[in-house]
Amino acid sequence: MKRILIANRGEIAVRIIRACRDMGIEAVAVYSDCDRAARHVRLAGRAVHIGGNPPAESYLRIDRVIDAARRADADAVHPGYGFLAENEEFAAACRDAGLTFIGPTPEAIALMGSKTAARQAAMEAGVPVVPGTEEPLGLDVPDAAIAGLAERIGYPIMIKAVAGGGGKGMRVVSSVAELSGAVRSARSEAQASFGDPAIYLERRILNPRHVEVQLLGDHHGTVIPFVERECSIQRRHQKVIEETPSAAVGDAVRRRLTSDAAAIARSVGYTNAGTMEFLLDGSDHFYFLEMNTRLQVEHPITEMVTGVDLVQWQIRIARGERLTIDPAAAVKPRGHAIECRIYAEDADAGFMPSPGHIAALHVPSGPGIRDDSGAEAGGDVPIFYDPMISKLIAWGDDRPQAIARMRRALREYDVSGIKTTVPFFRWMLDQPDFVDGRFHTGYLDEILRSRAGEPFTPPDDERIEVAVVAAAIQHFLRPNRQNPMNPTNPLNPVKPGSAWRARARSEALRD
Amino acid sequence: MTLYVDVNGRRYAVDVARRNGAFLVSVDGRQREVDVKEVGGVLSLLIGTKSYEISIDGSTVHVEGIPVQVGIGSPRPSWGKAGASPSTALGTSMGAGGPQQISAPMPGKIVKLLVKPGDRVEPRQGLVVVEAMKMENELRARAAGTVAEVRAVEGTTVEAGAILMILE
C-alpha cells in the first residue's frame, strides 16, 4: 500500500493524512470548489478536485471519488467518518475498482448498519438488548395482547412508531392503566406523521448512560475490544463531550461489556475498526444499542489512554497484518482522557452555526493536550459541511487532572472571526454534576432548558473594565473607526470578508 | 476627548492619553497606566503587575478568552440612534425600541414561520426556523414588538442578509 486516497475533508482528513505520513504512505486529498485551499489539500501529497460545494456534488459522489483514486493512482481508500463511511455501495465500488477499502466489508456494513439485523446479531451472541417487541404491532393487534406484551417487557415502556423518528408517535407509559390511551394516540400520530400506524414497544431505561466499546478486528479472526468510552454528554442526541474510562463502569462491568462487544463482532466476522454502542442503567445493566461500522469522532481519547494509533491499525489491518496489540492492555486504561468537540457555533445564540473566515486562531498545547483540527487562521469554515472545526483532547493521570488540563486548554483556546463552542465548554466543565461524574444522556438538554439565555461565560467586573480599557485604547489609535469591524484597523484582526460574512457576524451578536 | 464605551447596557466614560510609550486610561474618573503590546493579532495589556491577553474581533473583546460585547458611542448620545451605530448593533438594552429587521444570518432554507403579521412577540421568542449547515436554527426576537411584515416564505431558500420579517 503506497498511496491512500482520503474520501473526506476537515479535521478527520488531516488526522488520516498524519497517520499516512507516520507510515511513509502518500496521502491523496479530494476537495470541492470551496475547499481548494483547505488544510487537508495542502497537507496531502496529491489532491484531486471532485466537484461542487454541496456534498451531493462532491464528497458523496462515489463515481467521482473512485475516479479521483484512479487519476492519482491510489491503491487504497480511507473513508473517514460521515459522508461515504457507512455506505456499503461505496465500499463495494472500491473493491470492484481494485482499491483496498480501509474499513469493514460491504457485507458487514450492510448487516450491522441495519438496526434490526444488528439487534438480532447481538441477541444471537447472547448480548442483552433493550427488551421490546420483535414484530410491528399493526391495527389488528388488540389492546389485551399489547397489555400482555407490555407486562412481559416490564414497565415503564416506550411506545414507538415503526416508521418513526424525531419523537413522533412516541409515548412513555408507566403502568397498564395508561396503556390503551397511549397506544391509541401513538397510532394516530404515527398514521398522521408517517402514514403507517404500526408501533412497537420497548423498555424505557431511566436516565441511561451512553457507553461504547471501540474494537479492532483483523482478517485472521482476532478481535480486540478497548476500554469503554462514556458519551452521555449530548445535545439533541449529538455527543459533545466524550471521556474514557467511564466514571460509572467498574472492573466487573468493563469485563462483561468489552467481552460482549467482541462477541458480537466475532459472530459476524467483523474486520477493521468499529464501535458497539450500549445503554447503561443505574444498576450496572447494559443493553446493546447499535454498531457504528467506521472510525469514530471520539477515537483519540481511546488512543490517549491505550497508546494505540487506531488509524494506523486500520491501515495495517487492511494490508492484511495481524493484530499484535496486547488484549489485556487494551482494556486497562492508563489515566483518563476527555474530548470536547469544538464547533463553529454561537452557543450564546442557541448554538447557531457561525461559519466564515477565521481571522485569528491560537490553539492550546502543553502537557496532556492534543488538538485534532482542520482549522487554521486565514482559513474558512464553509457553510456546506458539518461545523465541527476541531477536537480538543486532554489527558491526565486521573479524571480530575484531565478536567483541570482541559479547563486550562479551553482558557488558552482563542478564535476570532467566527464563534465557537469554547465558551460553552468552559461553563460545562465547571458544572458540579459533570465534575462529579453524575449525568445521563438527557442531562445536558435538561440543564440547557433550565437556563434563561444568559451567556455561558459572562464577564466579571474586572474583565469588563479591562475590555473597556482595551476598546478605548484601540479607538484612541484609530479614532475614525466608525464601524467596529473596520478592516483597516491594525489592532483589529478581522479581515475584509464578503458582505454576507460581515452580516453573519453582526447578526450573530443577536440572541 | 471623552469616549463612551457601552457594555451590557452600561455606559463608561473613558479618557485616553499617551505617557512615555504607555497609555493613561481613566474609566469613570479612575485612572490607571496601561502598557500595550501587539503580538501576532493579540494584545498584551499590563495594568500594574496584572497581565491580560486580549483579542478584538469586531465588537467583541476577548479578555482571557471570555467574550465581552463592546460598543463605542460618541460623546453625543443622539448619534447612537442611527442603525449604523456600533452601540445599537450590539442588540443589548440599547437596541430596544424602533423596528427590528430579522434577516437571514447565512444562506439557507426557510423551514417554518412561527409567527404571522399582527402577532405580539416577547423578547427571545422564536420567529422563523432557517435550515443551514445541516441544522435548523431558530431566529428570535431581540425585544418585544408586533410582527409588521413577513417576507419569508416557507420552503424557499434565502440569501444571507435577506430580510425575513419586520417587527415594530
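At what angle do helix α4 and helix α5 of chain A pack, and how far apart are their axes? In this predicted model, helix α4 (residues 88-96) and helix α5 (residues 106-113) of chain A pack at an angle of about 175°, and their axes lie 8 Å apart. Angles over 145 degrees count as roughly antiparallel, and α4(A) and α5(A) are therefore roughly antiparallel to each other. On the α4(A) side, the contact is made by A:E88, A:A91, A:A92 and A:R95, and on the α5(A) side by A:P106, A:I109 and A:A110. Of the residues in this contact, 5 are nonpolar and 2 are charged, with no polar ones.

Elsewhere in chain A, A:L139 is located in the loop between α6 (115-124) and α7 (143-153). A:L139 has 10 C-beta neighbours inside 10 Å and so counts as exposed, the cut-off for this class being 12 or fewer. Leaving aside residues up to four places away in sequence, A:L139 touches A:R187 and A:P197. The C-alpha atom of A:L139 is separated by 8.9 Å from that of A:I199, a residue 60 positions apart from A:L139 along the chain.

In chain B, an open sheet is formed by 4 strands in the order β10-β17-β15-β12, with antiparallel pairing. Strands β10 (100-103) and β12 (120-121) of chain B are the edge strands, each of them pairing on one side only. Within this sheet, strand β15 (residues 145-150) and strand β17 (residues 163-167) of chain B are joined in the antiparallel sense over 3 bridges. Opposite B:V147 stands B:L167 in β17(B).

Technical notes. Residues numbered from 1 in each chain as written. Chains lettered and ligands numbered in written order. Predicted model: local features only at pLDDT ≥ 70, side-chain atom pairs only at ≥ 80, totals over all residues. Pairing = 2+ DSSP bridges. Helix = DSSP H or I, 4+ residues; strand = E, 2+ residues; numbered from the N terminus. Axes fitted to C-alpha atoms, helices over the stretch in contact; angles between N-to-C directions. Parallel < 35°, antiparallel > 145°, perpendicular 65-115°, else oblique. Contact = placed C-beta atoms within 7 Å. Nonpolar A, V, L, I, M, F, W, Y, C, P; charged D, E, K, R; others polar. Buried ≥ 20, exposed ≤ 12 C-beta atoms within 10 Å, placed from the backbone.
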